[in-house]
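Please look over the structure before reading on.

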Amino acid sequence: MTTESDARDELIDLAADFYDQFAGGSIPEMTLPTRTKSNIEYDAESGVWTYGDRTSTRSANSVRGARKLLKAAYTIEFLANQLDEGRSSTLRELYYLSESWDNDEAQFSSQDESNDLVEDLEIVTGVTREDFHMRPEESGATLMGPLEIREQTRRGEREIHCQKDVGEGGYQIPNNPDMIEFLDDDIDFALAVETGGMRDRLVENGFDEAYDCLVIHLKGQPARATRRITKRVHDELDVPIAVFADGDPWSYRIYGSVAYGSIKSAHLSKYLATPEAEFVGIQPEDIVEYDLPADPLSDSDVNALESELEDPRFQTDYWEEQIELQLDIGKKSEQQSLASRGLDFVTDTYLPERLGEMGVI
Amino acid sequence: MTSFQSTIADGEGIAEELAEGQREISIAEFFEKNKHMLGFDSGARGLVTAVKEAVDNALDATEEAGVLPDIYIEIEEVGDYYRLVIEDNGPGITREQLPKVFGKLLYGSRFHAREQSRGQQGIGISAAVLYSQLTSGQPAKITSRPKGQSRAQYFELIIDTDTNEPEIKADEETTWDRPHGTRIELEMEANMRARQQLHDYVKHTAVVNPHARIELREPGLDEPMKFERATDELPAETEEIRPHPHGVELGALIKMLEATESYSVSGFLQGEFTRVGKKTADSVIDNFRDVHYGRELSWTPPRAHDDRDVAAAVTEAVANKGKAATSAFAEGVAETVAGNDRTSRAELATIVGNVAETVEGDTAKTFGGTVRENAVDAAWRAITGVDADGDADEETDESAAGDEDADSPLVADAYALVDEATSTRKDDAAVQAMADALTRRFLNLDGGAFRITRDDLERLVADAANFVAEQHDATFGETARENVVEAFWSRARTVPDDPPKVRDIAGDRDTSADLLAAMRTTDILAPPTDCLAPITAELVEAGLRKEYEADFYAAATRDAEVHGGDPFIVEAGIAYGGSIPAEGSVELLRFANRVPLVYQRGACATTDVIKQIGWRNYGLDQPGGSGLPNGPAVISIHVASTNVPFTSESKDALANVPAIEDEIELAVREAARELKSYLNKRRSMQQRREKQDVLGKILPEMADKVSEVTGRSRPDIDGALARIMNNVSVEREVSDGIVTLVVENHSDVNEQLEITDIVSAEPTDPSDGTVVDMDGEWFVQWKPEVPSGDERELTYAVDDDAEFEVSVGGVETEKLTVNT
């Protein structure tokens, strides 16, 4: 990836572009791919979804556009200084920090705005946020399983075994997973789990030990670091990835962002997405097959399912079949609903059966 | 009850008793008791009304004399009373007329004239005199100096309320410094509570009479209010016009008929009315014939296969004219009749007459009156089956609706018309029954010529329809009846009878009414408008400009229209912004014949119209979407007419006449459209200014920031700014003694610019421009047209150490970026 000085140079180059536009008597602007569902395309080569050809322009032509670009100039300065000083900050800190800028017009009005701007800068400069030393607020995944790593921390190198050297909570990955080096492993496959309850159940039941599995806790919609580590585990350790989530449309999106990349960070799909990841469940089919306790689909669930049918990422035979089945039965189930068959059902029966079907074990 | 009974019982002499108490009331006495009708209902209002009447008179008098009005108004406190002095520079009033003008109610030159003037009834000023004498006991003191006389005449007079005659208290010669004019001094019980209305009246008078100079002094003013004139142009002189035929009423018409010297109706119409020439008079007379005499129904001639033979009938009716002449005559009549689609009795008579003339010429036989009459009767009988004496062949009786009737040749004719007039769904039997019923009724008409007025025809058709409905259970509804009436009426012929002489019409109320109806139904050109003197849009605006300091003015004058025979013109003006107060509703100025209307705003048609216009469309705030709009605006409306319809004698409010209301609305909307586009433009300029303000702050900061980050010197951003603002940018480049002004037009319209560069040294070789030496400074001027998106270079050569100052015109400053 890029070095600190590379990242800084990219930012300065962008500022210089603005400068040149001014000096040339033209209106400063910044062109970005349009970041909507309709502008993501499947990249056959890498197997992930990235932005298409449509672009939007942030131009100083309007008051809104001018404010955006002014904020961009201030943010560039801030990031360049941060890189100079070798420090880092969180996205939220950037939002609050803007309050200290001498210019009212440059201050962010919401954190969404500062988050979006950082993403804009990533896209235009081709440098990831991590390389700007910007951290998200939420922490990344925890890992539990037979994997030994070396982490480059501020306080020196640490070698950690993700089963033996950690407590029940597992190993907490850093915000920039590229700071980790894989040393040794005994992993057959990795299981990315949506909810904390299910992860704890698997660990308590010793699933990681029994099946030589790396349990990755996704913590809901996975942070970038989580998706990055998942991809690295798959690519570098050459193990299959299975995603285990709830049986509802929101969880399918979690799977989608692990496997195909998210719409907002489609510019990083090649770096974050693991197209080989497979969905374990809960499948709509499982709700029927295992007769799981289920809730009726709400209106927003139905809308989400229908919108997924139109989402290019989900236009595969498997997903169309599953989503249509779910719309048909009108039900959804959580991972924990497996407990209706006993606490061990998931580790003794469900997962071995499903993973067997998928050819993972 | 009992007392009443007894009064009646022994009330033999009561009428006489009452008669003793009955006497004529003088007009002056009447108004003494009804002051409010003339606007003298209170001391406060009386003062305003007296000023108004005197000023209106003064303005009328000066304008009539072609003098620019110079009017002086003074109000003074004199003990318990107020003294009102009004002076004008009018032509003065002769010694003979003066007492009557001021001392007799309903004396005036205007009442009978159809001409736009402020005063109309000749009541106003004498009512003020009356009011003053009633409240203060003082006579009116009047000084008048007619033009060209060396001395002025001074009168003191009061009105004898019993006789409505002036009573002269003093009459002497005096000197006066005005070369000509009139001065009236009235003392009256009054108060200044209506000061605001008084000021409004004077101010509004100044607005609407921009050619007048007015000065007002009153005790509440530290210094006199002076209104200077905005134009030296007098209002166009108005012509008196004769009444318009659409504008007279029956009583007036009878009076005119009695008074006229014309004998014939045609002469009367042409002589007494405006817009009536020979052709129009003929149309009126034709309409009069239709109304008065009725039309004659016309019928189709017999067809070839018909057994009704016109030629045979005529031949039979002619005796002793020789075979050849008789046959030529009979054939001629028959052929002509057959050649016409339809014929009425009168037309037949004309045909017979014409043919007789021809045959007489050809054969030297004489076809005298009797022969012709017989021939007409015989031919008519052949065509219609109606007997010579005008009676139908036999008396018919409805119940015994005989076969004979069905045989009448008219039935087929009537059937064709009824069938044509009614919808195709009417069943044949009903149409046939209707035709039968109508024919029977036509045959019963007197005279055999089937002469009937439209009203009678309508009644007859209705009667027949009722009969058909009863007997045949077939309905002829309202529309069907109307169509049937129209079918017959449109084919009926106007009769050639001469209209009665004027004298006879005047003596007969019904005939007069017929004439009036005929006048009203005739299409006649609208009355001429030279009897009106609109202020003109230009001067409406000038008047507003003079008295209101606003940002925007618009005015509109409509074309003349007519209501009730009186032409009128509506004008509207709008002033907006500036120092006009923004709070509350807009100020509405109402004028009628250049007189401000001060009272009864709520009762006025102008107010009603303003309230129902949707002002939000025009950019004014209007709470609830109706009612008077709010905002810093003045709306002025002027209605000029030979007869302004007021709601009352005090002339405070316009009556709701639809024709006038429509014109008011159109005039106001016309001016309001200009206001709207002004406000839109202002709004977009304001947005542009706001955008410019924000961007003008943000972009330099952004430029600073990027230069800071990149470590370069601050970039020049004016070009970018001009482009963003769709602006016109003017930039100076100087190199090697050559000055170049680069004009770039980033806007989306072509710009016509005027660029002047003021140079401290003499420039040479200017491109296209002109150079003017002004005391050691040189003005280099160009007037380039720069198309949208294009640029121009303006150059000249000059010493390197010269100093410059450029000014750019022809483009709004908001749209201009100058960087020199």
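## Annotated binding site

In this predicted model, Glu194(A) sits in the loop that joins strand E12 (189-193) to helix H5 (196-204) of chain A. Its relative accessible area is 11%. That is under the 20% cut-off, so Glu194(A) counts as buried.

UniProt, in an unreviewed entry, marks Glu194(A) and Asp246(A) as "binding site".

## Negative surface patch

Chain A carries a patch of negative charge on the surface. Its members are Glu285(A), Glu289(A), Asp317(A), Glu321(A), Glu324(A), Asp328(A) and Glu353(A). Two elements of chain A each give two or more residues: helix H10 (284-289) and helix H12 (317-329). H12(A) supplies the largest share, with four residues.

Glu353(A) belongs to helix H13 (residues 345-358) of chain A. How exposed is Glu353(A)? Its relative accessible area is 38%, so it is partly exposed. Patch members need over 30%, and Glu353(A) has 38%.

## Backbone exceptions in chain A

Most peptide bonds are trans, and most residues other than glycine have a negative phi.

The peptide bond from Gly281(A) to Ile282(A) is cis. Its omega is near 5°. Ile282(A) lies in the loop between strand E15 (278-281) and H10 of chain A. H10(A) is also one of the helices that contribute to the negative patch.

Asp212(A) has a positive phi, near 50°, and is not a glycine. The residue is in the loop between helix H6 (207-211) and strand E13 (213-217) of chain A. Asp212(A) is partly exposed, with a relative accessible area of 23%.

Is Asn593(B) buried or exposed? Asn593(B) is buried, with a relative accessible area of 3%.

UniProt lists residues 661-688 of chain B as "coiled-coil region", again in an unreviewed entry. What is the secondary structure over residues 661-688 of chain B? The chain there is 100% helix and 0% strand. The end C-alpha atoms of residues 661-688 of chain B are 39 Å apart.

Key: Residues are numbered from 1 along each chain as its sequence is written. Chains are lettered from A and ligands numbered from 1 in the order in which they are written. This is a predicted model: local features need pLDDT of at least 70, side-chain atom pairs count only at pLDDT 80 or more; totals for chains, interfaces and linings use all residues. Side-chain values use heavy atoms; hydrogens and water are left out. Patches are made of residues with over 30% relative accessible area and no salt bridge: like charges are joined within 9 Å, nonpolar side chains (Val, Leu, Ile, Met, Phe, Trp, Tyr) within 5 Å. Accessible areas come from the Shrake-Rupley method with a 1.4 Å probe; for residues, only the protein chains shown count as cover. A salt bridge is a side-chain nitrogen of Lys or Arg within 4 Å of a carboxyl oxygen of Asp or Glu. Lys and Arg count as positive and Asp and Glu as negative; His and the chain ends are not counted. The place of a charge is taken as NZ of Lys, CZ of Arg, CG of Asp or CD of Glu. Buried means under 20% relative accessible area, exposed over 50%, partly exposed in between (1.4 Å probe, protein chains only). UniProt positions are given in the numbering used here, feature names are shortened, and annotations may be inferred rather than shown by experiment.
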